[in-house]
Amino acid sequence: MFREEYYSVGKNLTAGTSNTLFTVPTGYEARVTMLFIANGSGSTEGYSAAWHDGETITFQSNKSLGDGAYDQFGGEGAFLVMTEGDYLTVTPDAGSTFTAIVSFMLVKSD
């Protein structure tokens, strides 16, 4: 039997450093359904985002977003499957003000 639990995690990101959004716990698989990244800096700033699964998979590199602009990954039935120990990071430019929200389902086998 499988147990499924749904979660969303939101973070105000620390500028100029890699921010871990969440790490898949031991014994679980995560199905990420949406990642939302927004710029509230007041000016155009950039960010990078990566999936870490034993190696770093950068899926957005040095992406510039204007003030109030956002990027959304996923939705509409798309998802990323992550296994235990995998994690997502977002690294905003130094001096910027970014937020991120990630929604996912955790699946554990009983």
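Which residues touch the most other members of the largest nonpolar core? In this predicted model, L21, F22, I37, M82, L88 and V102 do so, in a core of 21 residues. Strands β2 (19-23), β3 (28-39), β4 (45-52), β8 and β9 (98-109) each contribute at least two residues to this core. A nonpolar core is a set of buried Ala, Val, Leu, Ile, Met, Phe, Trp, Tyr and Cys residues joined through side-chain atoms within 4.5 Å; buried means under 20% relative accessible area (1.4 Å probe, protein chains only). Strands are DSSP runs of E of at least two residues, numbered from the N terminus.

Contacts (heavy atoms within 4.5 Å) were computed for I37. Leaving out residues up to four places away in sequence, I37 touches Y47, A49, L65, A69, Y70, D71, F73, V90, F98, T99 and A100.

Four strands form an open sheet in the order β2-β8-β4-β5, with antiparallel pairing. Strands β2 and β5 (56-65) lie at the edges, each pairing on one side only. From one strand to the next, the twist averages 15°. Two strands pair if DSSP finds at least two bridges between them; β2 and β8, which run antiparallel, are joined by four. V90 in β8 is the bridge partner of N19.

Mean pLDDT (the predictor's confidence in each residue, from 0 to 100) is 93 for the chain, and 96% of residues reach 70 or more. Confidence is lowest in β1 (residues 2-12), with a mean of 89, and highest in β8 (residues 87-92), at 98.

Residues are numbered from 1 along each chain as its sequence is written, and side-chain values use heavy atoms, without hydrogens and water. Local features need pLDDT of at least 70 and side-chain atom pairs count only at pLDDT 80 or more, whereas totals for chains, interfaces and linings use all residues.

Notes:
Buried means under 20% relative accessible area, exposed over 50%, partly exposed in between (1.4 Å probe, protein chains only). Axes are lines fitted to C-alpha atoms, for helices over the stretch in contact, and angles run from 0 to 180 degrees between N-to-C directions.
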